[in-house]
Amino acid sequence: MKDDLKDTRNLQRQKMEALGQFAGGIAHDFNNLLSIIEGHTHIALRQLKEGRLDPEQLLKILASTQRGAGLTRQLLSFGRQKVGFDEKTNLVEAMRQQHVLLLPLLGATIQLFMTVPEDPVWINAAPDQLTQIILNLALNARDAMPCGGELAIMCMACQKRHIPAVLREKNPETSYIRLSVVDSGTGIPDDVLPRIFEPFFTTKDQGKGTGLGLSVVYGVVDQLKGTIEVSSAQGDGTSFDIFLPIAEAPAPSLTAENNVSDKGLAGKTILIAEDEPELREMLADMFNGLKMNVLSAGNGNQALSVQDEYDGDIDFLLTDVVMPEMDGVKLGEMFSSVRPDSNVVYMSGYPFMEGRRDLQVPEQAPFISKPIREDTVRKILERALERRQARLGGEHDGAEK
Amino acid sequence: MTGQKSDLSELKVLIIDDMTEARAMLKNMLVNMGITQVFEAGDGREGMRFMDSAFDFVDIVLCDWNMPGMDGINLLRQLRSVDEAFPFLMITGRGDITSVSEAKSVGVSGYILKPYSMVQLEAKIRILATRANKLQA
């Protein structure tokens, strides 16, 4: 009885320590971002007053908000929640982009070697997910090399016999790519190795790390139906090998990710259902900028009413998932029942908790994680249009037979 | 149902249909949506009498078009002579443009074609209730 109480107290203490460390890490990262945003906003306001606003200031603010969004995505990944629209990403391209971003983060004392295949390697993943894997492993390697060293990031096709048994047995027909991150750092002590993927576990000082980095990597790899192996020897560096299933190349029209234009969206009508007035206004400005017709509503009932009073076609309903009175999932269902040819796109800043099964968006439905980025929204709306055209085309062909 | 009180729960609905089974099915759907105050009338005249005596106790009328005696469109004409905006949802199998135009010209608030799903019906009821400001905040 006495031992039980002691165990419970120990567990409680460990939990509190972990929570404190976690909160400290998050607060540290967010405070840094807020300081940057605040600083650049003040500079921009001063420049505006003096009539010489440098757009560079605004771009810096934008970049910081995107970093903040990355941080919340990490938290959501950590909770193993659905965090974005299912899509395909070229791992080779993602690695090349990361190369440029990693150099300043690694510093001059660490030499980075990156090896990628010539041809694209498509993975069923959002670009952010691949970024999280590469970035977290690279930063982990950097911290393991305080006096400098070498970091190799390699991507290569994986022969069948090298695929870990756990994957081979589960999906014998699937091809895998191996992404290896190898450093020449201090290595991981044997007693620490079994704990490295535990959430909150960190050997860094309080406030320096969230203890989430490697657990996020583990979570993302798991979401992508892959696996991760690690080998390390103290004083002889560490090697992480990640095995990810290779996806088929997407249809040609979907590969031009950077070639997004608003041509297809101009003149289309979108109904925004969002209870937060400022966000609703920002979205309306964004879509007006894309030359779209914008209708907006502050809740689900109002959205139904607005669509009923609008005589023309409504190409998209963009609805927040969590709203008072009527949630976005129910609104989407009702909207589709009265306008079956329209696209319903969901957005949310909340993770979908296991206990809220009533708020699960339909499978395959376009989903946008907040904060909203214009390029992401454009891409998703254009894809939704393409799918609808393909669907209507298919129905038309079927009708002619 | 999530166990949460529906924002439709205070809504008072009058169903007017000459078919008992149709009224029972409709009432069942309404109760499933969380609407518990449902009244029934078997034809247009009975519906009109109910409205005359208990106008303030009804928020929305759901009415069939084809009924013996006073049909749905004539009931709507009578209703519009005393109230131009009272929420009136016509439930009918008449999907032809002439019928829809006629209902619109008389001043129907909403129109739903048979067969319809519960989701479609709830969407229409919500539209009418929102417009008439009859939903619970």
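**Figure 1. The largest nonpolar core of the predicted model.** The model shown here and in the other views is predicted. The largest nonpolar core holds 63 residues, and Leu271(A) and Val345(A) have the most contacts inside it. Helix α5(B) contributes six residues, the most to this core. Leaving aside neighbours within four places in sequence, Leu271(A) is in contact with Leu295(A), Ala297(A), Ala303(A), Val306(A), Gln307(A), Ile314(A), Phe316(A) and Leu317(A). Another core, of 39 residues, lies apart from the largest one; among its members are Ala125(A), Ile177(A), Ile228(A) and Leu244(A).

**Figure 2. Helix α10(A) and its packing partners.** Helix α10 of chain A spans residues 328–338, and its buried residues are Gly328(A), Val329(A), Leu331(A), Gly332(A), Met334(A) and Phe335(A). In chain A they pack against β8 (269–273), α9 (300–309), β10 (316–320) and β11 (343–348). They also pack against α5 (118–131) of chain B.

**Figure 3. Contact between chain A and chain B.** Eleven residues of chain A are in contact with twelve residues of chain B. The side of chain B that touches chain A has four nonpolar, four polar and four charged residues.

**Figure 4. The parallel sheet of chain B.** Chain B has five helices and five strands, which run β-α-β-α-β-α-β-α-β-α from the N terminus on. The five strands form an open sheet with parallel pairing, in the order β2-β1-β3-β4-β5. Strands β2 (37–41) and β5 (110–113) of chain B stand at the edges with a single partner strand each, so one side of each has no neighbour in the sheet. From one strand to the next the twist averages 20 degrees. Strands β3 (residues 60–64) and β4 (residues 88–92) of chain B run parallel and are joined by four bridges; Val61(B) stands opposite Phe88(B) in β4(B). Helix α5(B) packs on the sheet and touches β3, β4 and β5 of chain B. The direction of α5(B) makes about 175 degrees with that of β5(B). Of the 137 residues of chain B, 34% count as buried. Among contacts in chain B between residues at least 6 apart in sequence, 65% join residues at least 24 apart.

**Figure 5. Helices α4(A) and α6(A).** Helix α4 (residues 127–143) and helix α6 (residues 213–223) of chain A pack at an angle of about 145 degrees, and their axes are 9 Å apart. The crossing of α4(A) with α6(A) is left-handed. On α4(A), the residues in contact are Gln129(A), Gln132(A), Ile133(A), Asn136(A), Leu137(A), Leu139(A) and Asn140(A). They meet Gly213(A), Leu214(A), Val216(A), Val217(A), Val220(A) and Val221(A) in α6(A). By class, the residues of this contact are eight nonpolar, five polar and no charged.

Figure 6. A cis peptide bond, with omega about -5 degrees, joins Lys114(B) and Pro115(B). Pro115(B) lies in the loop between β5 and α5 of chain B. Lys225(A), in the loop between α6 and β6 (227–232) of chain A, has a positive phi near 65 degrees and is a residue other than glycine. Lys225(A) counts as partly exposed because it has 17 C-beta neighbours inside 10 Å. Asn133(B), in the segment after α5 of chain B, has a positive phi of about 60 degrees although it is not a glycine. Asn133(B) has 8 C-beta neighbours inside 10 Å and therefore counts as exposed.

Notes
Residues numbered from 1 in each chain as written. Chains lettered and ligands numbered in written order. Predicted model: local features only at pLDDT ≥ 70, side-chain atom pairs only at ≥ 80, totals over all residues. Axes fitted to C-alpha atoms, helices over the stretch in contact; angles between N-to-C directions. Helix = DSSP H or I, 4+ residues; strand = E, 2+ residues; numbered from the N terminus. Left-handed = near helix turned anticlockwise from the far one by under 90°. Contact = placed C-beta atoms within 7 Å. Nonpolar A, V, L, I, M, F, W, Y, C, P; charged D, E, K, R; others polar. Buried ≥ 20, exposed ≤ 12 C-beta atoms within 10 Å, placed from the backbone. Pairing = 2+ DSSP bridges. Core = buried A, V, L, I, M, F, W, Y, C linked by C-beta atoms within 7 Å.
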